[in-house]
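Here's a quick briefing to read alongside the model. Have a look at the fold and the ring contacts as you go.

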Amino acid sequence: RSFHVTGVQTCALPIYLTGYSVKSQFRKSYQSSTAINFTASIYDANAGEVRLQLAPADTTGVRAGRYLYDIELTSPSNEKIRALEGLVILTPEITKT
């Protein structure tokens, strides 16, 4: 699945993401040493949009439940910015073939 995060902002102004890199993970708690990486990329640098992707294989062995995530941007000058954080809710597949 792909998810688009639009309008990444700071102080109500959009962050133009040209030259930035993005990283995103989710984990069970802030203290958890185990993390799952989203495939994160800049989707539209001028609009401040990033894309998070997670393939079914990425969650093999991960139990259903609530997890914490964040999106971290790194500027061209190597400044780290936590742009967004929240909850990821993983649910088991319902429809089977």
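A residue is buried if its relative accessible area is under 20%, exposed if over 50%, and partly exposed in between (1.4 Å probe, protein chains only). By that cut-off, Phe 26 is buried, with a relative accessible area of 1%. This is a predicted model, where local features need pLDDT of at least 70, side-chain atom pairs count only at pLDDT 80 or more, and totals for chains, interfaces and linings use all residues. Residues are numbered from 1 along each chain as its sequence is written, and side-chain values use heavy atoms, leaving out hydrogens and water.

**Fold**
- You'll find nine strands and zero helices in the protein; both are DSSP runs numbered from the N terminus, with helices being H or I of at least four residues and strands E of at least two.
- Of the 97 residues, 25% count as buried.

**Aromatic rings**
- Searching the whole structure turns up two aromatic pairs; rings of Phe, Tyr and Trp (its six-membered ring) pair if their centres lie within 6.5 Å, with planes under 30 degrees apart called stacked, over 60 edge-to-face and the rest tilted.
- Phe 26 and Phe 38 have ring centres 5.5 Å apart and planes at 55°, so this pair is tilted.
- Phe 26 is in strand S4 (residues 21–27), and Phe 38 is in the loop between strand S5 (36–37) and strand S6 (39–44).
- Phe 26 also makes an edge-to-face pair with Tyr 67, at 5.4 Å centre to centre and 75° between the planes.
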